[in-house]
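Trainee: I would like to learn how to read a protein model. Can we go through one feature at a time?

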Amino acid sequence: MEPGRKVEVFLQRYYQPEIETMDPAQLRQLQSERLVRQVRHVWDNVPYYRKKMEEKGLTPDDIQGLEDLHKLPFLSKDDLREAYPMGLLATPLSECVRIQSTSGTTGRRVVAFYTQHDVDLWEDCCARAIVAAGGSKEDVCQVSYGYGLFTGGAGLNGGSHKVGCLTLPMSSGNTERQLQFMMDLGATILCCTPSYAAYLGESLKEKGYSPADIPLRRGIFGAEPWTEEMRRDIESTLGIKAYDIYGLTETSGPGVAFECQEQKGMHINEDHFIAEIIDPDTGEVLPEGSKGELVFTAITKQAFPLLRYRTKDICVLDRTPCSCGRTHVRMSKPMGRSDDMMIIRGVNVFPSQIESVLLAQGYSANYQIVVDRANNRDSLDVNVELAPEMFSDTVREITQRERSLEGALKSMLGIAAKVHLMPPKSIQRSEGKAVRVIDKRKLVD
Ligand code: ADP
Ligand code: ZN
């Protein structure tokens, strides 16, 4: 492929057209049938969940279709911890071919099991995401998510094979080699976390290259929250179009939901997952279009089929038709997990709100949020890197910049934050999921 060519060409519209564009009524019917069957499978094979159903006075006969879903008990990370490692396994271990585990962002590891059928469906989901981003067998797909227990590498690797892309299983790290291989082998698609994509973009620039020097055309980024501002930043440093992909280990991994070229939310693979939005405090199912906690019921998985699993991710579902032709519901970008939400002086603050302000004011996504408490008062400090061209500013100019950022943060968050501008490169770069928040209050509690 010619260097610098960055045209959007879609050789294939869908990976599984009959499913991705299925008539909504038919899709609901399919979900209903699969739900009824899955509840029976779990009841028969998972004593832990059967007990939870019995405690609510339920038997599988009470679940006749989608309309009965709300009767089922929720599962949460606490259940996974209690049932660790195999208490939620629904097939004999001898039927399983794979184990993956969470990256432990929230400090609690989850172990998930897969049969060959489960791996297959998961890879189909990732293949749908790659095709929706414009990928085809003509592409060279560089997978720079971590390989190993983390689901990112394995999932996109499998999806890339299914699409027929030439797959470059780079894993994360060794940034120098990533860029070298990207150029030497003509990678056209990059899959990694958005923070690693930003880092690769920064390294490219430092080496004196421009986006036109690399063959890359599209990126599929996820596994952590990222803002629209960060998307634009990555798109311009790498010269690509960036697509979002979402998933979690508990539901297989990445590929549960993905963006199409319309980029108006991520289509959830509803033939495999039923999505609900609930009030995180009361557990009540919220009407369509409300913001709340996303809950998934896996209706096709065999080994580790979680029913009504509470993700802690806060988002909105959208069922309005999408002009890409896919009929599956779309979820908004999660603003972060309810776990990530900081309560500072009684106000709810998400790191993504801070990121939006910083990027809108021309700073990079290299920042760190430090929350502390002294004399019963919470403090919020934001360390932000200066761009190299700002570094020569005078102390007065830097102080002015700090005050101006503080003003913008105050109007976004409703509370005051102290901004500290730092020299370029002083904040550690991430090759996987970035750690944005240091909450010192948690260390003492
Ligand atoms: P860990 O819990 O250790 O981070 P996972 O890799 O299973 O392990 O992480 C899944 C979580 O990552 C999701 O619940 C969600 O909070 C976050 N996540 C995944 N993809 C996205 C995305 N595209 N946007 C925002 N958050 C995401
Ligand atoms: Zn669409």
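Mentor: Let us start. Keep in mind that this is a predicted model. Take two residues to begin with: both His267 and Cys322 are buried.

Trainee: Which protein atoms are the donors of the zinc ion (ligand 2)?

Mentor: Look for N, O and S atoms within 2.8 Å of the metal. Here the donors are Cys260 (SG), His267 (NE2), Cys322 (SG) and Cys324 (SG). They lie 2.1 to 2.3 Å from the zinc ion.

Trainee: How are these donor residues of the zinc ion (ligand 2) spaced in sequence?

Mentor: The spacing is C-x6-H-x54-C-x1-C. The pair His267 and Cys322 links distant parts of the chain, 55 residues apart. His267 sits in strand E9 (residues 266-268). Cys322 sits in the loop between strand E12 (309-318) and strand E13 (330-331).

Trainee: Why is the arrangement around the zinc ion (ligand 2) called tetrahedral?

Mentor: Check the angles. Four donors count as tetrahedral if all angles lie between 85 and 135 degrees. The four donor atoms here subtend angles of 103 to 112°, so the arrangement is tetrahedral.

Trainee: Which strands pair with E12, and in what sense?

Mentor: Follow the bridges. Strand E11 (residues 291-298) pairs with E12 in the antiparallel sense, over five bridges. Val295 has Arg310 in E12 as its bridge partner. E12 and E13 also pair in the antiparallel sense, over two bridges. There, Asp318 has Arg330 in E13 as its bridge partner.

Trainee: How many bridges join strand E16 to strand E17?

Mentor: Eight bridges join E16 (residues 367-374) to E17 (residues 377-385), and the two run antiparallel. Arg373 stands opposite Asp378 in E17. Their hairpin has two residues between the strands, and Asn375 takes a positive phi near 50°.

Trainee: Do E17 and E18 run parallel or antiparallel, and over how many bridges do they pair?

Mentor: E17 and strand E18 (residues 418-422) pair in the parallel sense, over five bridges. Val382 stands opposite Val419 in E18.

Trainee: Now a helix. Which residues of helix H9 are buried?

Mentor: In H9 (residues 228-238) they are Met230, Arg231, Ile234, Glu235 and Leu238. Look down the axis. These residues cover an arc of only 135°, which puts them on the same side of H9.

Trainee: What covers the buried residues of H9?

Mentor: The cover includes strand E5 (189-192), helix H8 (194-206) and strand E6 (218-222). It also includes strand E7 (241-248), strand E8 (253-259) and helix H10 (351-360). After H9 comes Gly239, whose phi is positive, near 65°.

Trainee: Single residues next. Is Thr167 buried or exposed?

Mentor: Compare its relative accessible area with the cut-off. Buried means under 20%. Thr167 has 17%, so it is buried. Thr167 lies in strand E4 (residues 166-168). Its side chain makes a polar contact with the side chain of Ser160 (2.7 Å). Residues that Thr167 touches include Cys141, Val143 and Asn157.

Trainee: Where is His272?

Mentor: His272 is in the loop between E9 and strand E10 (273-278). With a relative accessible area of 6%, His272 is buried. Among the residues that His272 touches are Arg34, Leu121 and Thr300. The side chain of His272 also makes a polar contact with the side chain of Asp271 (3.4 Å).

Notes
Residues are numbered from 1 along each chain as its sequence is written. Chains are lettered from A and ligands numbered from 1 in the order in which they are written. This is a predicted model: local features need pLDDT of at least 70, side-chain atom pairs count only at pLDDT 80 or more; totals for chains, interfaces and linings use all residues. Side-chain values use heavy atoms; hydrogens and water are left out. Donors are N, O and S atoms within 2.8 Å of the metal (3.2 Å for Na, K and Ca); water is not among the atoms, so sites may look incomplete. Four donors count as tetrahedral if all angles lie between 85 and 135 degrees; four count as square planar and six as octahedral if opposite donors are over 155 degrees apart and all others between 65 and 115; anything else is irregular. Helices (H or I, at least four residues) and strands (E, at least two) are DSSP runs, numbered from the N terminus. Buried means under 20% relative accessible area, exposed over 50%, partly exposed in between (1.4 Å probe, protein chains only). The arc is that of the directions from the helix axis to the C-beta atoms. Contact means heavy atoms within 4.5 Å. A polar contact is a pair of N or O atoms within 3.5 Å; within protein, one must be able to donate a hydrogen and the other to accept it, and residues adjacent in sequence count only if both atoms are side-chain atoms. Two strands pair if DSSP finds at least two bridges between them. Lists of a residue's contacts leave out its neighbours within four places in sequence.
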